[in-house]
Amino acid sequence: MTTFCEIAPLLAQQAIEVPSWAYGNSGTRFKVFPAAGCPRDPFEKVADAAQVHKFTGIAPVVALHIPWDQVDDFGALRRHAEDLGIRLGTVNSNTFQDVEYKLGSLCHADKTVRQRALDHHFHCIDVMGQTGSRDLKIWLADGTNYPGQGDIRSRQEWLAEGLAAIYERLTDDQRLILEYKFFEPAFYHTDVCDWGTSYTHCAALGERAKVCLDTGHHAPGTNIEFIVAQLLRLGKLGAFDFNSRFYADDDLIVGAADPFQFFRIMFEVVRGGGYGPDSDVAFMLDQCHNIEAKIPGQIRSVLNVQEMTARALLVDRPALEAAQRDGDVLGANTILMDAFYTDVRPDLARWREDRGLPGDPMKAFLGSGYLERIAADRVGGVQTSWGA
Ligand code: PSV
Ligand code: MN
């Protein structure tokens, strides 16, 4: 049996990246509900993100979306983050809201629109220079709704050209991370619809182009841990966007909908060398909190990742390998399930206290008065919102 004491030092290496958009208002196409104390600008979003790190100790990075997080002075935003004990991370290059992108961005049939999308990515790379970000994450809403609407083959060529021009602009220590999603907002075809398409483009670009696996971007029943294993094997897993789903791209709290699937994913991460000092996989959350409180929602998410990482690390791998070699079907399955069913929460509480963190981060945060303070202080102005 692997013990918690053995894995404790490994847990200290965890660094989860939280998304700035989780702190703004969000919702569905039916309603965006306003939240008391919601940030009015990226500086307030970063301040909220810093709370998650303060109480959990394992969320030191916040990812930005441009233009949602566009500010006049990114150096000031960076200093603000650093003063609060965190840093700015991945830059997401949203090309899904400008009216010009209605029929696509990098895959648009019109060259001037493709150029506009390229220029936006070049701007994002400039921003990365100021924020000190390593990763440019590209998710394209590009696709079509009706067969015949677009030439799906030409769109792949335009995509390849556009990605090559963007990749060319990056510095040697920056990476291009290409995210896939099987549908939405396009419903017939999506230009980067699956891991194979993302991998194909990344492989053509070079070493510093890698795939982002968003756990909500697969058809029901997809064996996501297999994709994790394959991408790690190929050296092309660049990042996760963690969240969970019951139906579509629900963007619910990671590990909430299917904890066992999340365990299986984290086990393949650990098994494939995707976790630890030698791994460059970015562990991001990509979620929003439409009806629950946002900062507590992020704290819950970060703790879910930590708990599932601990359970994945607890798998007795030598015993598992032996059982697999011996063809011991049920024995092997039992070894995996033993780790999954281990309640790591008491050990994690002690682990935090040993590091000067609150044993129960949620309780400590709720008792800190921060939520009441921001509700009282953040009056006036326009609350940031998904879609705005
Ligand atoms: C798209 O559904 C996505 O997962 C991408 O990562 C976007 O950047 C994010 O959600 C926010 O819309
Ligand atoms: Mn995503």
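Predicted model: local features only at pLDDT ≥ 70, side-chain atom pairs only at ≥ 80, totals over all residues.
A polar contact here is a pair of N or O atoms within 3.5 Å. The model counts local features only at pLDDT of at least 70 and side-chain atom pairs at 80 or more, while totals for chains, interfaces and linings use all residues.

**Ligand 1.** I looked up the polar contacts. An oxygen of ligand 1 is 3.3 Å from a side-chain N or O atom of Lys137, and Asp241 gives a distance of 3.2 Å. For Asp286 I noted 2.7 Å between a polar side-chain atom and a ligand oxygen. Alone, ligand 1 exposes 310 Å², and the protein buries 94% of that (Shrake-Rupley method, 1.4 Å probe).

**Surroundings.** I listed the residues around ligand 1 (a heavy atom within 4 Å); among them are Trp21, His65, Phe96 and Lys181. By class, this shell has 3 nonpolar, 2 polar and 7 charged residues (Asp, Glu, Lys and Arg count as charged).

**Manganese.** Which residues give the protein donors of ligand 2, the manganese ion? I found Glu179, Asp214, Asp241 and Asp286, at 2.1 to 2.2 Å (donors are N, O and S atoms within 2.8 Å of the metal, or 3.2 Å for Na, K and Ca). Along the chain, their spacing reads E-x34-D-x26-D-x44-D. The 6 donor atoms subtend angles of 73 to 167 degrees, so the arrangement is octahedral (opposite donors over 155 degrees apart, all others between 65 and 115).

Conventions:
Residues numbered from 1 in each chain as written. Chains lettered and ligands numbered in written order. Heavy atoms only, no water. Polar contact = N/O pair within 3.5 Å; in protein donor to acceptor, adjacent residues only side chain to side chain. Tetrahedral: all angles 85-135°; square planar, octahedral: opposite > 155°, others 65-115°.
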